Amino acid sequence: LNLDLLPELPYHIVNIKDYLFNSNGLKTLPIETSRGCKNKCSFCHNVPYNKSTWRGISSEKFIEKLNFIRSNFKEVKCIEILDDHFNICNKRSQECLKKIKTDKKNKIKKEKKI
């Protein structure tokens with residue numbers, strides 16, 4: 001299943017404040033960007049549940065999700081990634097982190113121009 005094709009969570013039907021928790025004094029929203037794991041550890045739920053497969057949203061979808069949260073929920077000050085393995089696909093995780101850094105620089109530049 002391609003996670004990029006799943007519909008967005010219906011944030012509009014819930015009170016987002018009910019899903020925030022305090023992490024180091026910051027209101028934090030948990031998100032999921034991938035599912036599963038490629039490993040076959042005998043003790044893990046992922047082996048029978050996900051059949052030892054891993055799939056993640058694209059780095060573009062990741063940034064889209066972060067920007068949606070940033071734009072619509074000002075009370076969210078921190079994001080916690082709930083993935084079993086955010087870094088299992090090093091190329092994807094590096095792309096996500098680079099896009100966050102680029103997005104942050106662009107946002108700062110735009111704010112300074114105003």
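Biologist: Let us start with Lys-99. Why does Lys-99 count as partly exposed?

Modeller: Lys-99 counts as partly exposed because its relative accessibility is 29%. Buried means under 20% relative accessible area, exposed over 50%, and partly exposed in between, with a 1.4 Å probe and protein chains only. Please note that this is a predicted model, in which local features need pLDDT of at least 70 and side-chain atom pairs pLDDT 80 or more, while totals for chains, interfaces and linings use all residues. Residues are numbered from 1 along each chain as its sequence is written, and side-chain values use heavy atoms, leaving out hydrogens and water.

Biologist: Which residue forms a salt bridge with Lys-99?

Modeller: The partner is Glu-60, with 3.6 Å between the closest N and O atoms. A salt bridge here is a side-chain nitrogen of Lys or Arg within 4 Å of a carboxyl oxygen of Asp or Glu. Lys-99 belongs to helix α3 (residues 90-113) and Glu-60 to helix α2, so the pair ties together parts that are 39 residues apart in sequence. Helices (H or I, at least four residues) and strands (E, at least two) are DSSP runs, numbered from the N terminus. Glu-60 counts as partly exposed because its relative accessibility is 48%.

Biologist: How many salt bridges does a search of the whole structure find?

Modeller: The search finds 5 salt bridges. One of them joins the side chains of Glu-64 and Lys-61, at 3.7 Å from N to O.

Biologist: Where do Glu-64 and Lys-61 lie?

Modeller: Both are in helix α2, 3 residues apart, which is about one turn of the helix. An α-helix has 3.6 residues a turn, so residues three or four places apart point the same way. At 48% relative accessibility, Glu-64 is partly exposed, whereas Lys-61, at 15%, counts as buried.

Biologist: What span should the 14 residues of α2 have?

Modeller: The expected span is 1.5 Å times one less than the number of residues. For α2 (residues 59-72) this gives 20 Å, and the end C-alpha atoms are 20 Å apart, which agrees.

Biologist: Let me step back. How many helices and strands are there in the protein?

Modeller: There are 3 helices and 5 strands. From the N terminus on, their order is β-β-β-α-β-α-β-α. The C-alpha trace spans about 55 × 30 × 30 Å along its principal axes. Of the 114 residues, 26% count as buried.

Biologist: On to Ser-34. Where does Ser-34 lie?

Modeller: Ser-34 is in strand β3 (residues 34-36). Ser-34 counts as buried because its relative accessibility is 2%.

Biologist: With which side chain does Ser-34 make a polar contact of 2.8 Å?

Modeller: That is the side chain of Asp-83. Another polar contact, of 3.2 Å, joins the side chains of Ser-34 and Trp-54. A polar contact is a pair of N or O atoms within 3.5 Å; within protein, one must be able to donate a hydrogen and the other to accept it, and residues adjacent in sequence count only if both atoms are side-chain atoms. Leaving aside neighbours within four places in sequence, Ser-34 is in contact (heavy atoms within 4.5 Å) with residues including Leu-3, Gly-56, His-85 and Arg-92.

Biologist: What about Asn-50, buried or exposed?

Modeller: At 9% relative accessibility, Asn-50 counts as buried. Asn-50 lies in helix α1 (residues 46-50). Beyond its neighbours within four places in sequence, Asn-50 is in contact with Gly-36 and Arg-55.

Biologist: Which side chain meets that of Arg-35 in a salt bridge?

Modeller: It is the side chain of Glu-32, at 3.0 Å from N to O. Arg-35 is partly exposed, with a relative accessible area of 31%, and Glu-32 is partly exposed at 39%.
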